[in-house]
Amino acid sequence: SLMSRNVGPDRQGVTLGINASVQALALGTGPLVTGIAAALFGIAAPFAFAAISVLAAREIFLRNRAKMV
C-alpha cells in the first residue's frame, strides 16, 4: 500500500491504524452529512459536494505531486 511504503517499518502499524480509523469515520459520517444536505438543499447537493471534494483533492494532489516522487 502507498501508506506503508512511505513510512519506516517502525511507523507502519500506526500509519495503517490511523488510515483505517479515518476510513471508518468517513464511511460513517459521509452518508449522514450528504443525507442532511439532500434534505436541506435538494437531491443535487450531495453530488455537488462530491464534485467539489474531488476537485479539491485533485488540486492538493497536483500541488504535492513533486514532493511525492
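Buried means under 20% relative accessible area, and exposed means over 50%. The exercises below apply these limits to a predicted model.

**Exercise 1.** Determine whether threonine 15 is buried or exposed, and state which residues it touches.

*Solution.* Next, its relative accessible area is 16%. The limit for buried is under 20%, so threonine 15 is classed as buried. Finally, leaving aside residues up to four places away in sequence, threonine 15 touches Met3 and Val7.

**Exercise 2.** Determine whether phenylalanine 41 is buried or exposed, and identify which surface patch includes Phe41.

*Solution.* Phenylalanine 41 belongs to helix H2, which covers residues 12-41. Its relative accessible area is 67%. Because the limit for exposed is over 50%, phenylalanine 41 is classed as exposed.

**Exercise 3.** Describe the fold of the chain, and decide whether it is a compact globule or more spread out.

*Solution.* The chain contains three helices and zero strands, in the order α-α-α from the N terminus on. Its radius of gyration is 16 Å, whereas the globule rule gives 11 Å for 69 residues; the value is well over the rule, so the chain is more spread out than a compact globule. Along the principal axes, the C-alpha atoms fill a box of roughly 45 × 25 × 10 Å.

**Exercise 4.** State what share of the chain is buried, and what share of its accessible surface belongs to carbon and sulfur atoms.

*Solution.* Of the 69 residues, 9% are buried. The accessible surface comes to about 5,700 Å², and carbon and sulfur atoms account for 71% of that area.

How values were computed. Residues are numbered from 1 along each chain as its sequence is written. This is a predicted model: local features need pLDDT of at least 70, side-chain atom pairs count only at pLDDT 80 or more; totals for chains, interfaces and linings use all residues. Side-chain values use heavy atoms; hydrogens and water are left out. Helices (H or I, at least four residues) and strands (E, at least two) are DSSP runs, numbered from the N terminus. Buried means under 20% relative accessible area, exposed over 50%, partly exposed in between (1.4 Å probe, protein chains only). Contact means heavy atoms within 4.5 Å. The radius of gyration is taken over C-alpha atoms; the globule rule is 2.2 Å times the number of residues to the power 0.38. Accessible areas come from the Shrake-Rupley method with a 1.4 Å probe; for residues, only the protein chains shown count as cover.
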